Every structure is written in structure tokens, then in C-alpha cells.
Amino acid sequence: MTFLNGILLWGTAAVSIPVLIHLFNKNRYRTLQWGAMHLLDTTNKVQKRRLRLENWFLMLLRMMIPLLLAACLAQPQILGTKSAWNWVIVAVFAGLALAAIIALTRSRAPVVAWLFCIAIFALPGWVIWQLATFDGKGRFQWGDRELSVALVMDDSYSLEYEDASGKPFDKGRKLALQLVGELRKGSDVQVIRMPGGPMYSKPRTILDNVADDLKEMKAGYGMADPPEAFRSVANLMAPGKMAHGQREVVVVTDFQKVSWGSNRVAALNETLKDMRMGQNPPRVTLLRAGKGEKDNLAVMSLEYPRLPLAPKQELQVRAVLQNFSKKDRQDLPVTFRVDGQPTGPRGSVAELGKGQKDVAVTGQGEPFKHSFEKPGTHVVEIVADQDKLRADNSYLASIKVWDNVPVLVVDGEPSKESLAGRIDFKGESDFLRIALQPFREVKYPGMTDLFDVRVVAAEDYDADAAKDAHVVVMANVPRLTEGKGGQLEALTDYVKQGGGVLWFMGDQVDVDWYNQHLVPMGLIPAPLKEVRNREGEPTPYATVDSSRPFEHAALEMFTGRSTITSEIHQWMTLVEQPDDPPYSEMARLSTGDLYLVERRMDDGRVLLCTTTCDEEWLQGILREYYVPLMQQLVVYLASSVAPERNLSSGQPVVAHFPPEEVGQEAVLAYYRPEEVDALTVKLQGRAGEKHHLKIAANGARGTVRFEDTQRPGLYVLRRPDNTVEHYVVNTDRAESDLTPLEESEIEKLAEDLDVQVVDSLEDYKGAENDRASVLDIWKWLLWSVLILCLGELILQQWMTREKA
Amino acid sequence: MAHITDYLKPGELTSIKYLQVLAKQVVEGFITGIHRSPQKGVSIEFAQHREYVQGDEIRRVDWKVYAKSDRYYVREYEEETNLRATLLLDSSGSMGYGGEGRINKHTYAVRLAAALAYLLLQQRDSVGMISFDTKLRQYIPPRSNDGHLRRMLEAMVASAPGNETSLGQVFHSLAPRMGRRGLVMILSDGFGETPELLKALAHFRSAMHEVIFFHILDPDEVEFPFRDWTRFQSLENGSQFRKVDPLSYRAAYLENFHRFEEELRLGCRKNRVELVPMRTDEPFDKALAGYMNRRNRVAA
């Protein structure tokens, strides 16, 4: 015997409740001065015995009710295993029954008492007898008893391959619908999407609804992950999750090699082994949907610079194509589309051997190019071959075109010229300004800068000055004014609301003030220690340690390509916290001291550079690293408030809104990759799958979050102000390799996993007859409890009756 | 000083006042009243003719009948006389029981006794009272004079329930003291040895007394309505107690009770004792009135 919900067996402890109540009441008596004492004496022996019997019987009934109820809730299942314990239970019960018979005889109980006794003990007796004698065998027919079924549906986009016989997914769905249709009423079903996870929060028993949901179900999801799906199944088979003892796991899949290959078998086996450790493991059947070879060509990825773009800046895109067919392909046409419309010259791939990858370029051998006129998000797409699997014929990307990014530089040591907008290299921020808006400063024709820099003196900084700025740079600022409406409060609010601050050190910085006021607020990543230098040493300066790759997103471009090469003569050291630091280090100096540190604070971020942003503490600032480094740091801070738009499947769509839009509604529409056109990118034309999302307050701004992004494609968000933003979800293109497992491989898989593989419903049903059967007895126990409750009620009424 | 109104509410008084208490049997008496005497003698109300036997007074021979039939018949007249009643008030400990919100059985019995005494004295009948537990506590012989009621009421007030009961024994000892045949009214719960009690009732009957047993019980004793665990402590013997779960004990109790009741009923019927079950939650004047009416019908 096993229990689906064994933990509830602790409820059998409730058997002591009637005894405790009895003892409690017995000790909570009242005293009554009474006259008719002689009527209280039971002089008659039979009467005395019957009275005692009735009391014992009532107590027994009361103890059996919680006992059987707990056993019922624990959902016991008789597996047909022979165990001596079963006979012990039978013996105990038989002993009880015998004791009841003897007691009834001795007390000369009336016939009605015998009948009552039989009625009460018959059902538990039958259940216990079953426990001892059930052999676990029995002809099993799908639909002849209630089952708990986990239906794993492969809904990866490879099942969307459409040939003359239709889509494999539709075939699989048909089989699944038939299985569900023939289930006995009362069965419960959970549908597990692979990928996508369980369809319902808990198994469903209304089979018509499950069938309707299956009919509505769509494929086109990312890569199938059988081990993950089986983990969901194992979780579902845990005690208390499904209702019935007889459990079936049916996996409808196309046996794609990438999903079911030998690399996955080990993980699968582990999960199955864990699942089979339980006393009542389910039977697992793999049902094949769709057979045969399939040709496919897929756009595997897009390559484009991840730096933010300004209007009229040129975007260069390359696409990588792969041929998954068994034959070579020539002259493959490639189209570049921007916002759903073909743009620029068509490209092609001259020759692509089987299994080969190549980069698609235009006829001139160049990448696809486009410059955007307007800021905002745009969808770029490379479309290749129109083959039978449409989902991977194109690859999408969402490109954010920035308008000017306003940057406020707070200069702690400004010159008059720099405050007037001119550069004399005497101000602290002059180099920084050139680095952030090089075209404007050198008056380069036809080029626009991404950043719009405004410099203010430290004393002029306030909330108003930073109102529009995406990033505030604090360059050698001595201190901020405190108190209500002061600079410190303005900066704190600014960061809390999602702003970014970049600190540069310098000789003006008041270390004590910084530590006292900025550290507690989290406005600088770590406390400042002291200014250090290497005077008198053989190398009187430090450099940035580039021996290890830079892992931080803002510094990625410096790994292996160029290094940060200044000679740093002075720098600020920080008080480091080796264990669980609140900051993350980005780069260190050759001396081991920190160079760049980051810390998150609420929605905002702060970065700290331990040296100056001019040549005061370092030499060689005009080397090639400076401009990209400064731009990267500021871009990083500016973009950190803008959520990621190119997502992998399952990663949520997150969008931020101004606080006044909290409570309003944003609309998110999903389009499959092949549905993307000039209208759908504007949320016009084809309707798409629309989701209405309420903007929730999140700190000082509004946020929406949409989790159900398993399906690759375009997600268009319409904001309350009717502007649209584009999010793209791409999935691992390994799924595009449609090569199925060989027959021999499938056999080996079945053997390794100890599961059966069938091709049709008939095969599946043919294999049903020999399986072990399980006896679910919770219903019988529930009936027993009800009968016992009724018995208890009758007995109590009978005992307190007025005897004529 | 006790007054009748201490025991009888005005309403009860008026309802009882006009009832005619008629004894079932005619008893001997000294004062001519509305009760008929079985002693035939000189009177105004003719009863019957009887054949002359030696010893009859010559003046009672009905000469007119002799003239018609040539036989000697004497005239017999019914004589009206008093009822001589004795109230036996059980003052044992068990009479001290009173359920929640009710008077105890003893108080009830006292009120009933007061009502009876008042009624009887109103009719110029003589009434006496005996209160007892294991032994006789107080004896007030039957009288019908003024002030007797007050004396009896004072005695009733003075009596309080206590001690054990032994009805049989007490009744045996009382029977010889009751004098001439009369009406004995027992006000008791009848708890104790039932066979002994029945024997004692038979003793009264053998002395030609008419016996009415007002069997006074508290509803709790009839229904046993308790639910919580209870320690029943004896009212008669403080050291005696039983701790029981009344719910499971109820059936057994009621079985015992019905057996006791049945035994008493059959015993009374056998001895021609009028058994009147009374419950302390019943207004006793009504119960009494109902009973008296019944007796009237029997007497008529």
C-alpha cells in the first residue's frame, strides 16, 4: 500500500482526540446534590455490561472517524504487493470485530444492535480485506477507470513543419484529443507544454475544457526540452498533486534529434529514476507525431552593433544562415526588411552545403545597411528561404534609435570658459565633454552626437538642473548641500527614480563628507579611503588591469580589442568588503585597487571611477580608449533604465512608464515571425494576440511585466500615449535542425529510459492489458467515514433515548 | 409567624377555596358535616330498610312496613360526619432536591400540604400532620378548631429536609398512632426501599385508612436531562457520590426510573392506594384541583 499524500497520515494522530475529550470532560465535572441515588445504581449485570459496551462502542466509532478520514485524505492505494503488515492490519481489525461479537453476545444485544454493528464495520472490513488480498493485477483498459494523466505536448516550432500530410503538431493534437475524449469521467489531466511548462495551475477534471484547450493550443514555441518537461511531470507526480492512483504519462513528440539526442538521455534518466523511486510511479509512453525526413534552412542569428543608435546613424546588419537539409543549396535569396518593408538591395548566399553555415550579405558583398530617420524602436528582419518550416525563415531584432541623450555634468572645478560652453582644457569636465559629443565640439559636418552635454558648476546643481538628464556625471565635486530641498536629497530622488550617476574623483573631493552622507544612502558604491600614488617606485604610476577579460557589459568592447592605457598617477582607494559586497567591481588597477565599481540603488545605478576624468591624476587621456570608454559608461547608465528589447524565449517583456500613467492600460500584441509586416509593426492590420496589461506602480514609475514569452516572434507594446515599442523574442535555432532520431536510436531510447514508444493510438491501447493495476480506496474510506458519522449519531441518540 | 398566604398565592387560594373535598369513604366523625357517616342512626336522611335483628332498638322499627308485610324492619338513616385527615410530609434529604430555577420537592410538598389543610379545615374537617424522615419528627393530631391551621403551617415551616429516608419503617410505626380510620395523605418522592414502602401502605389499608400518595418528583428525576459529566452527591448521605457521564447513562437511569415507577404504581393499585404523580414544575393547585374533581366524581 502506498499513499499519494502520505504527509496527511499524521492526521491519524487525531484518533486521540475523542479520548482526550473524554478525559477532559471527565475531569471537568460539576457536582450536583442529588436525591435519587438508588436510581443511579446499575444493579442489573446485563444492563451494566450493555452500558459499558455501548460506551466502548461509541468511543471506538469516534476514534475510527478521524482515523479513517486521515487515511482517506492521504489517498491510500493498494498496489497488490504482499506484505506481512497487511495481515497485521487484518488481524487487528478481525480482533476488534471478534471483541464486538463477544461483547454483543454477552450483553444480550438485540438484533438491531447486531445489524447496526454489521452495517458499520462492513465497509472498513471490506477495504481492509482488499488490502490483504488484492494482487495488483487486472485488465486495464483506457477509459474503464479514472486515471491521472500527464499529457506532455511538444509545441516547439519544429512541429509546425507543414508538408502535404499537414503539421506534426496537428497530428499529435488529434491523438491527444482522442486520448482525452476516451478518458473516464472523473479522471484528471494536466497538459505540460514542452517548452512552456504546465498549462494549468493544477490538474483539470473537466475533460471537455481540456479538450477545448487542446484545440486552442498553438505550437511555434522555442526549443523542446524533454528533461525540463519531465521535471514538471515528476513534480506533478509528487504526493497530493494528482487525484488517482493509476497514473499515465503520455508524451506526444516528433523525436527530433536535438531534443532527444544522447546528450539529453542522461538528464532524462535521472529525472525518471527519481520519479520511479516513489511507490507508485506512472507509466510513461512516448507517442510519435510525424515521421520522415524534413528539409529546412534557417536564419540562425543576426549580427549588429549593440551600441545605441542616433537618428541618421547607420546600422549594419549581417545574418548567419544554416542549411539543415540533406542536400546543398545554391543562390539563396535573402531579404532585409525594416519595420516590415523590404529595404535596400537584396542579398543572397551563393552556395550553402548541407549542414553548413554562412553569412548573408548584399550583392556587393557588404552588410545590410540602414539609417533611421526617427527615434524610437524599429524592427529589422532578415528573411531567407520560404520553406515548409516558416518559423525560422527569418530572424528579427528590435533596434532602439535614441533621440539625444541629455547628460548633466556637474563640475567640481570648472573654468569660466567651460561654463560658458567653450573649451579651454582648464575645467574638470572639458575632456569628458569632448568625449561625449565629439562631433559637436569639433564641428564635424553631417554627423550628430548621441549625447547632449550640459555642464554646471557644483553649486548650481539641483533637482531642476537634472530633471531631463538621463545621466548625471559628478566630476570632482567636493560635497553637496544637505537638508530639505538640498542637492543630496535631489540626487537621492534622482537615483531612486531610475537615474544613473557617474562619479569621478579628484583633489576637491571631501572624503569624510562622502563617507558620512553618500555611503549610507548607497549613492556611492563603497566608502572612500584615501588618495594613493606610487611616487618613488620604479613605475611611478598604475595602469588598468586588462590581463583578465572585462566581464561587465559596459566594458565588453575592451576585452581583447583595446585596453585602457592611461598612466594613472593618483587614485582614490575604497574600503572593500570581500564578503558579499553591495557593489560589483568592473575593473581594477595594476596595484589591485579598484578602478571602476558599480552599485544598484532601487531602480537606478551609480558608477564610480577612482581617478579623475581629466589629466589631473593621469596621463595619456587623449589615447583612443577614452572616447569609447566614456561613451560606454554613460550609455550603460542611460540604457540601464531602458529594459532589454531583444529577449530569448521565456525572458519577460518589461516596460517602464512615467508615474502619471500608473493604473492605465498598455496593450501588448504578439505576432509570429511570419506575420510581421509594415502594418503589424504599427499594430495595424492583422490583429495578433492581444494582451491588456495594467500599468502597476513600481517605485516612482509605472511598470508592466509580461511573462508568457515562450513563443518567438514580435511583441508590440502600445503605450497609453499611443506610441509603440517593439520587443523581439528569439529562440535557440537548434530546433531548426529537423533531423529525427533513427529507428534504432528510438529503440535504444525506449530501452534506456524503460518507456514504451508507440506510433498510433491503436498500438498504445494494444499495450494496455498487461499492466499492473492500482486500487484507489479513498472513496470507500470516505463512504466509511460517512457511515461511521451516521452510526455515531444514531448510537448517541439511541443511548440517550428514553426507554419506554 | 407563618400565615397561609406565605404558602399559597392568592390565585391558588381562590382556585382551591370553592372546591369541595369529598372523601371517597365516609369516615366516622363527631361533628355533623357534609360527609356521610357509615354509622346508621337517628338522622333526617333515610338510607335503607333492614330486617330486625335481636338487639335493635324497638323505636327504630318501621311499623308501617310491619303493617304492610307483617315483618319487622328497622329504618336506617345516614349520618353526616367529619373527615379525619392526616398529612404525612416526607422531610427526608432526598426531598431537598430542586432542579435549576425550580423549588425543591420539600417546599412543593409543604405548599401542597398547606393547600390540603386549608381546604379540609374550610369544610370543618379535622386535619393533622406528621413530618418524618427515618423516624417521626413531629406529630400534630387532627383537629378542626380555629388556630389549628396556623399551628400546622408553623410546623411545616419549621420542617426542613435532611437525613435518610426509610418510609416503610416510619409508616409501620405511624400506623397504630393514627387512631380511627381516616384519610392518610402521603406527600413524598417515595425514594427508598419500595417493597418496604408498599408493605407499610398495606398496613395503613389494613387499618381501614383511605390512602392518597402524592408522588412528588422533580422533572430532572423524571427526564434525567443532564449532559456534562456530573458528580451526583447524595442529599441524604454526604459521603455517598457517583461520577457519571449522564449522556451515556441516561438510558440506564430511565430504565431504573421506569422500573421504580412501575413497581410503585402496581403496588399502590394492589393496595387500593390512590397514587397521584406530581411534578414540581406543574402548578400544584391545578394538579390538586384536577385530582379533587376526580375524587368528587368517584364519590358521587
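Two strands are said to pair if DSSP finds at least two bridges between them, with strands (E, at least two residues) and helices (H or I, at least four) taken as DSSP runs and numbered from the N terminus. On that basis, E1, E3 and E38 of chain A line up in that order as an open sheet of 3 strands with antiparallel pairing. The edges are E1 (2–3) and E38 (775–776), each of which pairs on one side only. E1(A) and E3 (residues 76–78) of chain A share 2 bridges in the antiparallel sense, and A:Phe3 has A:Pro76 in E3(A) as its bridge partner.

A word on the model comes next. This is a predicted model, in which local features need pLDDT of at least 70 and side-chain atom pairs count only at pLDDT 80 or more, while totals for chains, interfaces and linings use all residues. Residues are numbered from 1 along each chain as its sequence is written, and chains are lettered from A and ligands numbered from 1 in the order in which they are written. The scores come out at ipTM 0.72 and pTM 0.54.

Chain A also holds an open sheet of 6 strands, in the order E6-E5-E4-E7-E8-E37, and here the pairing is mixed. Its edge strands are E6 (197–198) and E37 (756–758), each pairing on one side only. Within this sheet, E4 (residues 148–154) and E5 (residues 188–194) of chain A run parallel and are joined by 7 bridges. A:Ser148 sits opposite A:Asp188 in E5(A).

Helix packing in chain A can be seen with H8 (residues 226–236) and H10 (residues 262–277). Their axes come within 9 Å and cross at roughly 5°; axes here are lines fitted to C-alpha atoms over the stretch in contact, with angles running from 0 to 180 degrees between N-to-C directions. H8(A) is therefore roughly parallel to H10(A), a label kept for angles under 35 degrees. Residues are in contact if their C-beta atoms, placed from the backbone, lie within 7 Å. H8(A) brings A:Pro226, A:Pro227, A:Phe230, A:Arg231 and A:Ala234 to the contact, and the residues from H10(A) include A:Leu268, A:Leu272 and A:Met275. By class, this contact has 8 nonpolar, 1 polar and 3 charged residues, where Ala, Val, Leu, Ile, Met, Phe, Trp, Tyr, Cys and Pro count as nonpolar, Asp, Glu, Lys and Arg as charged, and the others, Gly among them, as polar.

Now for the two chains together. Their contact draws 25 residues from chain A and 31 residues from chain B. On the chain A side, the elements giving two or more residues are H1 (16–26), E2 (30–34), H2 (37–40) and H3 (45–73), with the largest share, 5 residues, coming from E2(A). That side has 9 nonpolar, 9 polar and 7 charged residues. E2(A) also runs parallel to E9 (residues 230–234) of chain B, with 5 bridges between them, and A:Thr31 stands opposite B:Arg231.

Chain B itself has 10 helices and 11 strands. Of its 300 residues, 41% count as buried, meaning that 20 or more other C-beta atoms, placed from the backbone, lie within 10 Å of the residue's own. The chain averages a pLDDT (the predictor's confidence in each residue, from 0 to 100) of 75, and 74% of the residues score at least 70. Over residues 14–35 of chain B the pLDDT is below 50. Residues 37–44 of chain B also stay under 50. Where pLDDT is low, the predicted coordinates should not be read in detail.

Terms used. Contact = placed C-beta atoms within 7 Å. Parallel < 35°, antiparallel > 145°, perpendicular 65-115°, else oblique. Buried ≥ 20, exposed ≤ 12 C-beta atoms within 10 Å, placed from the backbone.
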